[in-house]
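Me: I want to learn how to read charged pairs and surface patches. Can you walk me through a case?

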Amino acid sequence: LAVRAALDHPDMRPLLPKLDTLLTLGSPHLGIRFGAHPLVDGGARVLQQLSGSSRCIAELLLTDSPDPGQAVLCRLAAQPALSNFRKVLLLASPQDGFIPRHSARMEVADAVLADKRYGPSIRAAVDSLELQLNSC
């Protein structure tokens with residue numbers, strides 16, 4: 001996530017033609033709202049309540065904006081960062097109890113399809129990411 005966000009910075013433009021492979025290991029590209037282990041999901045919500053305003057947790061839960069489509073992760077998906085790489089490797093494990101596999105693999109989970117509030121924004125993010133991946 002940090003690499004994708006950094007590539008939008010003007011100082012990174014000279015490096016863009018030199019990018020070859022992006023490898024992510026269990027990165028929460030679509031957040032942790034759907035499919036995280038119940039303890040992780042519950043713990044994140046408790047931490048958010050206790051801290052009052054944990055920006056990072058709000059971003060992972062897609063609650064950092066009243067409009068889910070304007071959440072940081074959704075906006076990041078709309079940036080063309082992935083299309084700068086020749087190869088993109090997304091690694092995820094079904095045994096990962098922290099990051100939902102669909103999020104690490106940039107896929108739409110069944111729970112996302114059923115959700116009326118966050119589902120459309122996540123589907124749009126996945127569509128944008130897939131377009132970028134198809135250009136690699």
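Me: How many salt bridges does the count come to?

Reply: Side chains of opposite charge can pair when their charged atoms come close. The rule here: a side-chain nitrogen of Lys or Arg within 4 Å of a carboxyl oxygen of Asp or Glu. By this rule there are four salt bridges. This is a predicted model: local features need pLDDT of at least 70, side-chain atom pairs count only at pLDDT 80 or more, and totals for chains, interfaces and linings use all residues. Side-chain values use heavy atoms, without hydrogens and water, and residues are numbered from 1 along each chain as its sequence is written.

Me: Which residues are linked in a network of salt bridges?

Reply: Asp20, Arg86 and Lys87. The closest N and O atoms of Arg86 and Asp20 are 2.3 Å apart. Arg86 lies in the loop between α4 (72–78) and β2, and Asp20 in the loop between α1 (2–6) and β1, so this pair ties together parts 66 residues apart in sequence. Helices (H or I, at least four residues) and strands (E, at least two) are DSSP runs, numbered from the N terminus. For Asp20 and Lys87, the closest N and O atoms are 3.5 Å apart.

Me: Is Arg86 buried or exposed?

Reply: Buried means under 20% relative accessible area, exposed over 50%, partly exposed in between (1.4 Å probe, protein chains only). Arg86 is exposed, at 55%. Asp20 is partly exposed, at 27%.

Me: What separates Arg55 and Glu59 in helix α3?

Reply: About one helical turn, because they sit four residues apart in α3 (residues 55–60).
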